[in-house]
Amino acid sequence: MPYIVIGVGIVLSVIIEISTKKSKEILPWFSVLLFMGTAIYSIVNVSQSFVLFSGMLEVGGKSAIFNAIFNFSAALIVLSSIDYLKKYEAYYGEYYILIQSSVLGMMVMASAQDIFMVFMGLELMSICFYALVGINRKRLSANEASLKYFLLGAFATGFIVYGIALIYGSAGSTSIQNLVENFVSYSSNIIFVLGLLIFFVGFSFKIAAVPFHMWVPDVYEGSATTVTGFMSTAGKAAAFSVFIIMLSAVVSYNAPNFFKNYFAVISALSMVLGSVVAISQDNLKRMLAYSSISHAGYMVIGLAAGNLYSIAGIIFYLAVYSFINIGAFSVISAIEGKDESRIDIKSYAGLHSKSPFLAAMISLFMFALAGIPPLAGFFGKYYVFFGAIQADLTWLAIVGVLSSVISVYFYIRVVVYAYFKNSEENFTIQTSVGTYSAIIVSAALVIICGFFPDLLLGIITTAVK
Amino acid sequence: MSNVPMEYYLILSAFMFCVGVAGVLIRRNAIVVFMCIELMLNSANLTLVTFSSYLGNSIGQVFVFFVMTVAAAEAAVGLAIIIAMFRNKMTVNIDEINIFKW
């Protein structure tokens, strides 16, 4: 149902774009309505689980939660894009259409019950992202970012397709249900394990885990700020949804977790490298790119642990991280001037006197990313670490805690600049209702999920079971 | 086809895949890198067709069509990106595309 709605929405958007000159005003609000409608529909129908298209897609349960995350992030990003595109004088109608198509791809990925559907959804999402990263096609930085993203993304796709081919060859079928039920008997076949490993390596590119993270800082820095916000939240959530689907054999049927060591190693590397390198970054988008690498590391802890508790923890973490990161990127896009000026941390000096509201909001999001209780980021980390300790991975939880202690330094540094340094440059902040509403909604969600984590976790736990 | 053992096809496609990976890592021209990625996809297609033929079910062959369609879409977007890059910078050499530094 939600898939058809989004699909029809894409067609309608194309018609609006070619038929009226006012599409600039209509399309963003049409997209917001579409996304909010789908998100609410998914949340309401979370407990009704059924299979569509002769066993290709599963609606409800985990996929409903993921659909809600994707659509909600997309709605917030569209809100804050309106001002941003105006600022850059880079309005292209296809921007919103590409966001809608990539959301459709993510939804197909998250609800896939067949590896082919995983692949189709992944490619629909990735191809839209390649174009979105380079949407500002006259800027050299956008060109470079999209070229790097495209080459490495297509490289990862090559791995994923080869992995799928090996899995298909050794299992004789592509149904995920079949894979999950016969996981133990297949896993004595070396080709199956190799195929699954290649498949996971390909997806490790997509979630930006070390050592497959080389593209992340450049792409996050070069692409439009709102697109970065979208990629780092919904795109990452989509890639994690595939990991969760493929590991459901381990989680629900108590099959042995062959990839425990693989996940543990990439998670430890991502956490440490992301936190340590972010310290030396002055560009805020680049800093958040490294922070996104280390957050991917925290989430992979949950995959290494591989029990129901940690999977619920990952989904909670992804939802919360989406709200925080979209809020942070919206603030950055509000402060950013034309031609990529004012994304350096120095521009945040004395922000308090220029705009008390934005200063308070960026501090809130930075505290939340650092995981300071009682904000939402803390509970995300807490649930994942707790799952790791239950799975006898205490050392990984300790590495995680240490690296989040390191990461507090560079998050708090932004707050220090905003409140305790004197302003060096003069500029006025031009933003309007769209960006502000995106910031306020995400801030409200961060605070609500922080004080009442049980609300969200309750929904997620029922969905996972 | 059944006269040739399945392993031969698999070894050939594994070799093609390795050539593709090596090419991506070594070559410096964006278009050649892109062609190496296509080689990786084609080696996966060969694997799929081989398994499909030897397992006697058609899922793999159907999937090959999907992979080819996706590869075409990817080529369209990728070449557009490379052309946009070339318009601004007059080069497609990956070593010269370096405005972002660590």
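## A tour of chains A and B

Start where the two chains meet: the contact draws 34 residues from chain B and 30 residues from chain A. Select the chain B side. Helix 1 (6–26), helix 2 (30–55) and helix 3 (59–89) of chain B are the elements that each give two or more residues to the side touching chain A. Helix 3 of chain B gives the most, with 16 residues. Now colour this side of chain B by class: 26 residues are nonpolar, six are polar and two are charged.

Keep in mind that this is a predicted model. Colour chain A by pLDDT. The mean for chain A is 86, and 99% of the residues score at least 70. Go to helix 5 (residues 115–133) of chain A for the highest confidence, at 92. Then find helix 12 (residues 248–253) of chain A, where confidence is lowest, at a mean of 71.

**Stop: helices 3 and 4 of chain A**

Select residues 62–88 and 94–110 of chain A, which are helix 3 and helix 4. Their axes lie 10 Å apart, and the packing angle is about 165°. Helix 3 of chain A is therefore roughly antiparallel to helix 4 of chain A, since an angle over 145 degrees counts as such. The crossing of helix 3 of chain A with helix 4 of chain A is right-handed.

Show side chains here. From helix 3 of chain A, the residues that meet helix 4 include Phe66(A), Phe70(A), Ala74(A), Ile77(A) and Leu85(A). Among their counterparts in helix 4 of chain A are Tyr95(A), Tyr96(A), Ile99(A), Val103(A) and Met106(A). This contact between helix 3 and helix 4 of chain A has 13 nonpolar residues, four polar and no charged.

Centre on Phe66(A), in helix 3 of chain A. Buried or exposed? Phe66(A) is buried, because 27 other C-beta atoms lie within 10 Å and 20 or more are enough. Beyond its neighbours within four places in sequence, Phe66(A) contacts Ala110(A), Ala237(A) and Ser241(A). For a distance check, pick Leu351(A): the C-alpha atoms of Phe66(A) and Leu351(A) are 35 Å apart, with a sequence separation of 285 residues.

**Stop: helices 13 and 19 of chain A**

Next, select residues 260–278 and 394–420 of chain A, helix 13 and helix 19. Their axes come within 8 Å and cross at roughly 15°. Helix 13 of chain A and helix 19 of chain A are thus roughly parallel to each other. The crossing of helix 13 of chain A with helix 19 of chain A is left-handed.

Helix 13 of chain A brings residues including Ala264(A), Ser267(A), Ala268(A), Met271(A) and Val272(A) to this contact. Helix 19 of chain A answers with residues including Val399(A), Gly400(A), Ser403(A), Ile406(A) and Phe410(A). By class, the contact of helix 13 with helix 19 of chain A has 10 nonpolar, five polar and no charged residues.

**Stop: backbone exceptions**

Most residues other than glycine have a negative phi, and most peptide bonds are trans.

- Ala208(A): phi is near 70°, a positive value. Ala208(A) sits in the loop between helix 9 and helix 10 of chain A. Ala208(A) is buried, with 29 C-beta neighbours inside 10 Å.
- Val210(A) to Pro211(A): this peptide bond is cis, with omega near 5°. Pro211(A) lies in the loop between helix 9 (190–207) and helix 10 (215–222) of chain A.
- Met90(B): phi is near 60°, also positive. Met90(B) lies in the segment after helix 3 of chain B. Met90(B) counts as exposed, with 8 C-beta neighbours inside 10 Å.

Methods: Residues are numbered from 1 along each chain as its sequence is written. Chains are lettered from A and ligands numbered from 1 in the order in which they are written. This is a predicted model: local features need pLDDT of at least 70, side-chain atom pairs count only at pLDDT 80 or more; totals for chains, interfaces and linings use all residues. Two residues are in contact if their C-beta atoms, placed from the backbone, lie within 7 Å. Helices (H or I, at least four residues) and strands (E, at least two) are DSSP runs, numbered from the N terminus. Ala, Val, Leu, Ile, Met, Phe, Trp, Tyr, Cys and Pro count as nonpolar, Asp, Glu, Lys and Arg as charged, and the others, Gly among them, as polar. Axes are lines fitted to C-alpha atoms, for helices over the stretch in contact, and angles run from 0 to 180 degrees between N-to-C directions. Angles under 35 degrees count as roughly parallel, over 145 as roughly antiparallel, 65 to 115 as roughly perpendicular and the rest as oblique. A crossing is left-handed if the near helix is turned anticlockwise from the far one by less than a right angle, and right-handed if clockwise. pLDDT is the predictor's confidence in each residue, from 0 to 100. A residue is buried if 20 or more other C-beta atoms lie within 10 Å of its own, exposed if 12 or fewer, and partly exposed in between; C-beta atoms are placed from the backbone.
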